[in-house]
Amino acid sequence: MEIRDETAADHIAICDITRAAFADKPYSDQTEAEVIEGLRAADAIRLSLVAVSADEVVGNVVFSDVAIDGVAGWVGLGPVSVKPALQRGGIGSVLIKAGLDRIRATGAAGCVLVGDPGYYGRFGFKTVPGLGYGGVPDDYVMALAFGGALPRGTIVFHPAFGAA
Ligand SMILES: CC(C)(COP(=O)(O)OP(=O)(O)OC[C@H]1O[C@@H](n2cnc3c(N)ncnc32)[C@H](O)[C@@H]1OP(=O)(O)O)[C@@H](O)C(=O)NCCC(=O)NCCS
């Protein structure tokens, strides 16, 4: 399996995989594909990696800049999706680890996300007292600092997350 940056030729496959991955998820509002398209249209994708197996895109992870109480330097992880038939085979983990390595190398302060602590804890993400996002329970708001202090405050994602 190859992990590489998305290209224009991957856009439809990324959209299809994202829709399929979230289609039956009760915690999803099924707008994730539109969020990615909105980020792309606004040139706000910081990094989008695809996992490719036998010339087929089988997974995708997207990172975009966030502000935390007006402070820049942090990057948001998501959406991330793996082709349903291939989930729980390690592809998501490989994508996320590769993406975090790339983001860390750019000098970012760290990465935040809204997601299941049972999954993201394995990458070093922690819930942080005082770090929040909208009406989401704090247990689902997580951060990974790349060396410095963990952030506190309210995360503001790119408007594409709310516009979809
Ligand atoms: C979440 C996702 C990207 C993970 O990719 P993956 O390739 O399936 O995951 P991996 O094989 O790397 O890791 C498997 C582990 O993740 C766990 N896992 C998978 N999806 C999970 C979820 N939504 N919540 C909690 N744990 C999850 C599995 O139970 C498994 O745990 P284990 O190793 O303790 O058995 C993928 O399952 C997916 O596309 N899910 C639907 C979309 C989604 O929920 N995206 C994330 C939104 S926050």
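**View 1. Ser28 and Glu32 meet through their side chains**. In this predicted model, a polar contact of 2.8 Å links the side chain of Ser28 to that of Glu32. Ser28 sits in the loop that runs between H1 and H2. Is Ser28 buried or exposed? With a relative accessibility of 10%, Ser28 counts as buried, because the cut-off for that class is under 20%.

View 2. Which element gives the most to the lining? That is E4, with 6 residues. If you like to sort a lining by class, this one holds 21 nonpolar, 12 polar and 6 charged residues.

View 3. A polar backbone atom of Arg88 is 2.7 Å from an oxygen atom of the ligand. For Val82, a backbone N or O atom lies 2.8 Å from a ligand oxygen atom, and for Ile91 the distance from a backbone N or O atom to an oxygen atom of the ligand is 3.4 Å.

**View 4. Ala54 in the loop between two strands**. Ala54 belongs to the loop that joins strand E2 (45–53) and strand E3 (56–68). Its relative accessible area is 75%, so Ala54 counts as exposed, the cut-off being over 50%. How far apart in space are Ala54 and Ala44? From C-alpha to C-alpha the distance is 29 Å, while the two residues are 10 apart in sequence.

**View 5. Two buried cysteines, Cys15 and Cys111**. Cys15 has a relative accessibility of 12% and therefore counts as buried. Cys111 is buried as well, because its relative accessibility is 0%. And how many disulfides does a search of the whole structure find? The search returns 0 disulfides.

Key
Residues numbered from 1 in each chain as written. Predicted model: local features only at pLDDT ≥ 70, side-chain atom pairs only at ≥ 80, totals over all residues. Heavy atoms only, no water. Disulfide = S-S within 2.5 Å. Buried < 20%, exposed > 50% of the residue type's maximum accessible area, 1.4 Å probe, protein only. Helix = DSSP H or I, 4+ residues; strand = E, 2+ residues; numbered from the N terminus. Nonpolar A, V, L, I, M, F, W, Y, C, P; charged D, E, K, R; others polar. Polar contact = N/O pair within 3.5 Å; in protein donor to acceptor, adjacent residues only side chain to side chain.
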